[in-house]
Amino acid sequence: MRQIVLSILVENTPGVLSRISGLFTRRGYNIDSITACTTQDQKFSRITIAVSGDDMILKQIKNQLSKLEDVVKIFELENRKSVCRELILAKIRANKTEKQEVITIADIFRAKVVDVSKDNLMIELTGNVNKIEAFINLISDFEVIEIVRTGITGLSRGEDNSHVF
């Protein structure tokens, strides 16, 4: 099994996200991550989906997506030819001495402290999945109250559109 990230340019119409996710549901495929938002042109939205499977399943997913009428283009965001990021907010319980330890970890990851209260900190971190996972692993020594993740989003580098389907 391998994971790919698909960047799907779609017409910005009501229910388009439901139709895209419904395709996965009907076929029994799991979505690892999904993000969606309008583009610089309000007529279009970009949906970024991370999905795992063997080569046959991944090819089938791309083929099925390309058949949907709202889909304009599908790009596979390859590791070396694209930039993919994720945002995480983590709320961590910390006393006075632990706060400095958490802030030190945040500094190492170039994360930002976005909220401080008497008993906890909220950290914002943007990065690739490996960076996010490493950060989560390090803060697990503290009492993590909540974590929220946006899911992967990305674009191909330069003029390259990676593999267009």
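Modeller: Read from the N terminus, the elements go β-α-β-β-α-β-β-α-β-β-α-β-β-β, for a count of 4 helices and 10 strands. Keep in mind that this is a predicted model, where local features need pLDDT of at least 70 and side-chain atom pairs count only at pLDDT 80 or more, while totals for chains, interfaces and linings use all residues. Residues are numbered from 1 along each chain as its sequence is written, and side-chain values use heavy atoms, with hydrogens and water left out.

Now the whole. Along the principal axes, the C-alpha atoms fill a box of roughly 55 × 35 × 35 Å. I'll call a residue buried under 20% relative accessible area, exposed over 50% and partly exposed in between, using a 1.4 Å probe and protein chains only. Of the 165 residues, 37% are buried. A contact means heavy atoms within 4.5 Å. Among contacts with a separation of 6 or more, 73% link residues 24 or more positions apart.

The part I'd pick is helix H1, residues 16-27. Its 12 residues should span 16 Å at 1.5 Å a residue, and the end C-alpha atoms sit 17 Å apart, so the two agree. That expected span is 1.5 Å times one less than the number of residues. Which residues of H1 are buried? They are Val 16, Ile 20, Gly 22, Leu 23 and Phe 24. The cover over them includes S1, strand S2 (31-38), S3, helix H2 (55-67) and strand S4 (71-76).

Leu 17, also in H1, is partly exposed because its relative accessible area is 38%. Apart from residues up to four places away in sequence, Leu 17 touches Ile 34, Ala 36 and Ile 47. Thr 35 is 18 residues from Leu 17 along the chain, and their C-alpha atoms are separated by 9.7 Å. Just after H1, Gly 28 has a positive phi of about 80°.

S3 is among the elements covering H1, and Thr 48 lies in that strand, residues 44-53. Thr 48 counts as buried because its relative accessibility is 1%. Leaving aside neighbours within four places in sequence, Thr 48 is in contact with Val 5, Leu 6, Ser 7, Ser 33, Ile 34, Thr 35, Ile 152, Thr 153 and Gly 154.

Two of those, Thr 153 and Gly 154, lead on to strand S9, residues 153-156. In a regular strand the side chains alternate between the two faces of the sheet. Strands pair if DSSP finds at least two bridges between them; S5 and S9 run antiparallel and are joined by 4 bridges. Thr 153 is the bridge partner of Arg 85.

On a 1 Å grid over the protein atoms alone, a pocket is an open set of points where a 1.4 Å probe fits, with protein on both sides within 12 Å along at least five of seven lines, and lining residues have an atom within 4 Å of a point. Grid points are joined across faces, edges and corners, and the volume is the space filled by probe spheres set on the points. The largest pocket has a volume of about 430 Å³. It is lined by 17 residues, and Val 5, Leu 77, Glu 78, Asn 79 and Cys 84 are the closest to its centre. Strand S1 (2-11), strand S5 (82-93) and helix H4 (129-139) each give two or more residues to the lining.

Finally, a stop elsewhere. Strands S6 and S7 (residues 120-127) pair antiparallel over 4 bridges, with Lys 112 opposite Glu 124. They form a hairpin with 3 residues between them. Arg 110 sits in the loop between helix H3 (96-108) and strand S6 (112-116). Most residues other than glycine have a negative phi. Arg 110 has a positive one, near 55°, and is exposed, with a relative accessible area of 75%.
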